[in-house]
Amino acid sequence: MDREIPQHEIRRARHRRIFIGAGICVASVLGVFALGTLTTVGVKRDSITIGEVTMGTIEASVNSSGTVVPAFEEIITSPISSRIVEVYCRVGDSIEAGTPLLRLDLQSAETEMRRLSDQMRMKQVELDRQDATCSTSLANIEMQIKVKSMEVDRLRVELSNERYLDSLGSGTGDKVREVELAYNTGRLALEQLRRQLEGERRTSQADKRVKELEISIYNNSLVEMQRTLDDARVRAPRTATLTYINDQVGQKVAEGERLAIISDLSHFKIKAHTPDTYAERIRVGATAVIKAGKNRIEGIVSGIEPQSQNGMIAFDVRIDRSAMSCLRSGLKADVYVMHDIMEDVVRIPNGSYYKGPGEYRLFVMSDDAKSLSRHTVRLGDCNFEYVEVTDGLRPGQQVVISDMSEYKSNNLKIK
């Protein structure tokens, strides 16, 4: 027979179940909190760079990359196809104008020059012979004209006499007509000789001009060949530093192939490149700020290449002579070309995070400075100091401006 359970036992069991359930709930909450605390990623305060969001003026600029190059650089090429016989200088040598750099094999070029010289002399002899022949021919015709002129004068006198005799009745009409015919024939022959003389003179002058032109062509070829031979004795065209030379003795070089490069390493410029989407913001005369290493240098855009290559446009920046001492050829530099002034804009310090206008996910510090949370921020133009904030931040906030690409979490604890 079952026995009835006392009420105080029932109440005690009910209370025990309530206490156990409450304990489980508290333990679960504490466990979740502890797990969240253990899994929150931390970052050391001294490993990040914090920038403050402020209001101010931004002198907007186009960010581009550049390289320090010599302000003057000249490439020396081979004027002929030849081979290198001797090399006199090494890379890095300071050279004066006229210093021999290397020697090419000039035997074939010198042989060609002698052949051209012989041909020109032969043309000169032909011209002299032609002048002599033409002079003789013209002299013969002139002599024939003189003789024919005397003969015509005699016939004219004879015709006058016959006409006079005929008027007196001593002559005959037939004789007059005979002498008149002879006189007219002589006049025509004299005119023919004179025209022949004029034609011979024009022909002689034309032939002479042809020969003189041929001689001039050979002479120009000789001058050009002489210049080529002078260039083939490769010398420095000006005082500079030798930055490249083909020192492979015996190597064959083609006409136009690079032999040496000389550069003025005391004066530099910046060769910069930027996407062609910013081409309208780059103009000659614009102020530019160059950051090369720890140096900040001011410059002016001096030239822009008209054509875009691979989506990039190239331009040159002239820098002040006083800044030359801190530069080296080949040094990489960041170039900021100023193009606009924006006042009273929200801004944050520029840093490695900025890649151009657009949307970014940046870490913002909490009010108690104990954690960081990722915010979506829209950035606009920039200069070398500040970046314009168009949306997502307000003045007074603290934002991380160092590279945070290694952190995937949206929340970070500051250690």
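## Strand pairing and surface of a predicted chain

Strand E5 (residues 82-87) runs antiparallel to E7, and three bridges join the two; strands count as paired if DSSP finds at least two bridges between them. Ile84 has Leu104 in E7 as its bridge partner. These strands belong to an open sheet of three strands with antiparallel pairing, in the order E7-E5-E9. Each edge strand, E7 (102-104) and E9 (252-253), has a single partner strand, so one side of each is left without a neighbour in the sheet.

This is a predicted model, in which local features need pLDDT of at least 70 and side-chain atom pairs count only at pLDDT 80 or more, while totals for chains, interfaces and linings use all residues. Residues are numbered from 1 along each chain as its sequence is written, and side-chain values use heavy atoms, with hydrogens and water left out.

The chain contains three helices and 20 strands, which are DSSP runs numbered from the N terminus (helices H or I, at least four residues; strands E, at least two). Chain totals are as follows.

| Property | Value |
|---|---|
| Buried residues (under 20% relative accessible area, 1.4 Å probe, protein chains only) | 33% of 415 residues |
| Contacts (heavy atoms within 4.5 Å) with a separation of 6 or more that join residues 24 or more positions apart | 75% |
| Accessible surface (Shrake-Rupley method, 1.4 Å probe) | about 25900 Å², 50% from carbon and sulfur atoms |

Leu165 lies in helix H2 (residues 107-168) and is partly exposed, with a relative accessible area of 34%, partly exposed being the range between buried and exposed (over 50%).
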